[in-house]
Amino acid sequence: MRIFRKELRKIFQFRVIVLFALFAVIFGYLFFAWQYYPGYYVNSAYDVPFYEELVAEYGATLSKTEYQDVLKKREELIDQVEVYIREDIVFQENDVTTYAQFQESHAKEAVTDAEMAVQEETNRFWFRNEATQWLLFRIQVLDNMERDVQFGRIYADEDALRIYADFLNSNSYEARERLKALFMRDEMSLLPDAVYELLNTDFFNLVILVVVCCFVLMLPYQISDRLRGILPIAVSTKTGRRIFGKQMAACVVTGGIVAAVLGGIYSILLAQKHVFVFWDCPLSHNPYRLWVDMTMGEYWILCMVLLVGISMTGALLSYFVGRLSSHYITGLAAAIPAAVIYCAGIRFFTKYMFMIGDMYFYRSYGHSLFRTFGGLLLLAGIAVTMVMVLLRRDKERDL
Amino acid sequence: MSRKVFGYECRKLLGAWFLWGLLVIFLVFDLFLVWENVGYDRAEYRKMYQVIQRVGLDLEETGIERILDGDREPIGNSEPDENSLERWYAEYVKTNKGVYDTLDLTGIRDDKIGMAVDFKPEGAYQRWIERNYEKLEARIQEIKETGEARCGFYPGLVYEVHSKLFGRVFRAILLELMIMTAFSVLYLMDYERLQRTESIVFCSKTGRNLLLGKCFAGMVCSFLDALILVSVPVGMFLWFVPMRGLWGTMVSSFMVMEKRGFFVYPFITFVPLEFREYLGLVLVIVGLLVVLVSVLAGTVQYFLRNSYFSMLCMSVFFWGGLALPYLVKNGFAHTAALLNPAALWYMCGGWFVEYDPSLSFAWSEFWTVGVWLTTALTGLFLGKRRFRREDIG
Amino acid sequence: MLTISDVTKCYGKNTAVEHISLDLDNGLYGLLAPNGAGKTTLIKMITTLLMPTSGEILWNGVEIHRLGAQYREIIGYLPQQFGYYKNNSPRQYLEYLAALKGLPTEGLRERIEEVVAQVGLSEVLNTKMKKFSGGMLQRVGIAQAILNDPKILILDEPTGGLDPKERVRFRNIISAMSKDRIVILSTHIVSDIESIANQVILIKDRQIYRNDTVSAICAELNGKVYEQSMSNEAYEAFEGDHFILSARQEYDGMTVRFFSEEKETEGRTCVPNLEDFFLVTFR
């Protein structure tokens, strides 16, 4: 245990940590979607607060009864918008008095000067007037909910499923049954799209960060021991060649610590932006359909667990690269392709994590539940095998 | 440092297998990038090349009209789709030839400023931007009057030759080259410390000047990397996208025009530039960036004396350069923040043309390299002077 | 002449050497001191690797850092921890160092073969050094130090790893070379210095303690070094009362060499050697 602790201390060098922290801040600033949340999409700056209100009032899901209640809110919001519409001079001059007329004018192709003027005004209502923006985007949320209901993507019965007969029949039996179960559920999730996009995007950004951190920490640890001629001394002690196994274990634990720290910091940042308000909201909703039922909170916990596993595998990989490198620059040169290939592999297996397919484009990816786990286990297996071969070689080779 | 020692130092680098391995990996990636962008559709590019040659580079109006009226000899034994491709080309010319007449660059400038988050130029800075765009408007007039806009080329909105070559391929090459350069210089400069031969080599006649010589040797070998990394992928690109006879096309031609973000308008060069001249300038900037990165790496290594930390510092510096313009969002400081090597790399594909309202002046690329090179050389000089008095071993 | 004039070297609050003054002309100087006394610090200052905190080092009246390359051209240095390129052969390694030392290409090949023959490595001139034993590497180190026929040759622990035959060969080379150049030999193997050094420089408490010939230094202990035979049991008591220089186990007891300021009646006096002086001085 003492040796293990000392090895850990060798890994966590202050200067390296400071430099990495600086890099992480810059990387986060450039690439993390968190900083744009909830304005991830144009509308989500308004959607998300509205969803937060709905969650506060109704909980994580809407039953059919509660949904009817919510639809009344739509009427109220429309009434409020129509007050603004009727007060607007441009709309008055062009006989636009109702929300329906407003929407029609906004959507159609403006040809005449009058139509262009009206459309310009509708754009102003949508994008440059805070009061009307607030109302219109909320109505849009409710419109989208209603569209899902009308199209039989939620609260559906057997009749409504006929719309998707061809699509359902073109999928595997498991996918078909799962999709039917999702369409026919009687609870609508109140999770906004922006949250799912945020978690997905930033999960991969976190993966990149932990992999980079592992390489940055592990490379000098391995290479400097070799350069300083410590190995012959260490190996000729009572611990002997078991030191290599202990060093490997220290690297793996470091990977876990790195993931825990970075994941923890990011989770704090998520909490700061009230993302965890949606903790209990089911994740399977339009258009993201997953093989398993899980809430946003469970999904995030699963992501964190996967992050730890990915980080540990990354640590093994960086241990392997570091052990074979005789010079810092050699190590960095080998680390670049190794890290890129590893991250590309992670991306390949986690991009549509647990997703069945995409309803909007009627594509079915058929990503089995085990694709993600299987893929990550495969990568971990490769890393473990490489390291085991190395350790075995070290047991016998001349030093 | 004598030529012989320089030769030995270069040989150390040329014998470094890992650098060759990395070069091969980068080369493979670049070739894949070229294939993905133009290789897969090489047949289309070659057909279009035939069409451009037949129609002619001058894009005469009568000639275009004749094609559109069908009043033109069918193309020999060519397949029917080549005739339709020529017709399509003529329609493209006709649709887009008036783009300069309706171009409102000031409006585009205002839209770009409106869309940028937290970017609100005011006062002297706003006036400076406006003056720059007045010069650009005058340049547009010049383009219209001299007829440089009317040059045949691969239709940019579809074939995107300019952005594929300069915005994607060259951008990847440049990043790889900067990594290779930093690695080469740092590897060499830390070599003696890691081999524990410092005590012997630095008390020789060559002495501490050796370290500067290593920096220089690293730079020279990086030019060899540059030669390989540029010539092979670009050569492959040009093989897939024939350019013979098209090198004289002006970059500001409406045919080169591409969709950039939300905007569709031609590349407005600050000075008249043919495609070959543009490529030449890009290569000059690439070369200068190799020098800059070498000198920067040498400077950092002189002070830190540890190649690993030097590389980490340079990485942080690079990423910081990318992030800085987002932190300094307004005023001349924002423009100054954009004048860094990382931002210059990021804007590869938008060099020497109107691109960002904050950088809407000619030769900003040379200003960037010049200022940073001067700073780095100063740092290198100070580092060398410091090293002269430093204890070794 | 190499003049070290009141040189002091400090690392923060720690002083490595202080007020060192020496005038070195052609000859072989042995630098003797216990570990941490400042030998390597002094040597590194002479080889321009370290900067004196105060004082100066002059070569023919000119400060060595001012001379720069001109000075470094005439020094040859073998450090205590000698680094090498393991994938090079001695020829490649020496060619590289010859370039650094500014040696012309003409005659270089012959010169390399000459120095390699001098250190007895001709047979492995083109073999990669990663296959060499420690002694062979040390000989390569000596070869590079003498490659440029230096006027000042500084050797820090040069005979570590050499077998007796090689050590004798080395002593002969160095001794011959010292006729017309300054050779500074820093070592713990006192016998190396004793047999060939013209002058011994002892450093104690960071300062020069003695700078004299071997015989003059050893003469200070005349009549104070004794040798006596005794039983093992008697030795145990004897050890507590006397300063033992060496003890040799014989078949029927111990033969003990010891130092005593007072006249001893039982032991027989011996001719003191440099090792005796070292042990007495640095006890």
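In this predicted model, chain A and chain C do not touch, and their nearest C-alpha atoms are 12 Å apart. Two pairs of chains are in contact, and of these, chains B and C share the most contacts.

**The side of chain B that touches chain A**

The contact between chains A and B involves 21 residues of chain B and 19 residues of chain A. On the chain B side, the elements that give two or more residues are helix H2 (17–39), helix H10 (161–189) and helix H15 (307–327) of chain B. The largest share, 13 residues, comes from H15(B). By class, this side of chain B has 18 nonpolar residues and three polar residues, with no charged residues.

**Chain A**

Chain A contains 16 helices and five strands. Its radius of gyration is 27 Å, well over the 21 Å that the globule rule gives for 399 residues, so chain A is more spread out than a compact globule. The C-alpha trace of chain A spans about 90 × 45 × 40 Å along its principal axes. Of the 399 residues of chain A, 37% count as buried. Among the contacts in chain A with a separation of 6 or more, 75% are made by residues 24 or more positions apart.

**The two domains of chain C**

Chain C is divided into domain 1 (2–218) and domain 2 (219–281). The C-alpha centres of these two domains of chain C lie 34 Å apart. The contact takes 13 residues from domain 1 of chain C and ten residues from domain 2 of chain C. On the side of domain 1 that touches domain 2, helix H8 (190–196), strand E9 (199–204) and helix H9 (214–219) of chain C are the elements that give two or more residues. H9(C) gives the most to this side of domain 1, with five residues. The residues on this side of domain 1 of chain C divide into ten nonpolar, one polar and two charged.

**Strand pairing in chain C**

Strand E1 (residues 2–11) of chain C is joined to strand E2 (residues 14–24) of chain C and also to strand E4 (residues 54–59) of chain C. The table sets out these pairings together with that of strand E11 (residues 225–230) of chain C and E14(C).

| Strand pair | Sense | Bridges | A facing pair of residues |
|---|---|---|---|
| E1(C) and E2(C) | antiparallel | seven bridges | C:Tyr11 and C:Asn14 |
| E1(C) and E4(C) | antiparallel | five bridges | C:Thr3 and C:Leu58 |
| E11(C) and E14(C) | antiparallel | two bridges | C:Tyr226 and C:Thr269 |

The hairpin of E1(C) and E2(C) has two residues between the strands, and in this hairpin C:Gly12 takes a positive phi near 65°.

An open sheet of four strands in chain C has the order E12-E13-E11-E14, with antiparallel pairing. Strand E12 (243–250) and strand E14 (268–269) of chain C stand at the edges, each with a single partner strand, so one side of each is left without a neighbour in the sheet. Helix H10 (residues 232–241) of chain C packs on this sheet, where H10(C) touches E11, E12 and strand E13 (253–259) of chain C. The direction of H10(C) makes about 20° with that of E13(C).

Methods: Residues are numbered from 1 along each chain as its sequence is written. Chains are lettered from A and ligands numbered from 1 in the order in which they are written. This is a predicted model: local features need pLDDT of at least 70, side-chain atom pairs count only at pLDDT 80 or more; totals for chains, interfaces and linings use all residues. Two strands pair if DSSP finds at least two bridges between them. Two residues are in contact if their C-beta atoms, placed from the backbone, lie within 7 Å. Axes are lines fitted to C-alpha atoms, for helices over the stretch in contact, and angles run from 0 to 180 degrees between N-to-C directions. Ala, Val, Leu, Ile, Met, Phe, Trp, Tyr, Cys and Pro count as nonpolar, Asp, Glu, Lys and Arg as charged, and the others, Gly among them, as polar. Domain bounds come from an automatic or database domain assignment. The radius of gyration is taken over C-alpha atoms; the globule rule is 2.2 Å times the number of residues to the power 0.38. A residue is buried if 20 or more other C-beta atoms lie within 10 Å of its own, exposed if 12 or fewer, and partly exposed in between; C-beta atoms are placed from the backbone.
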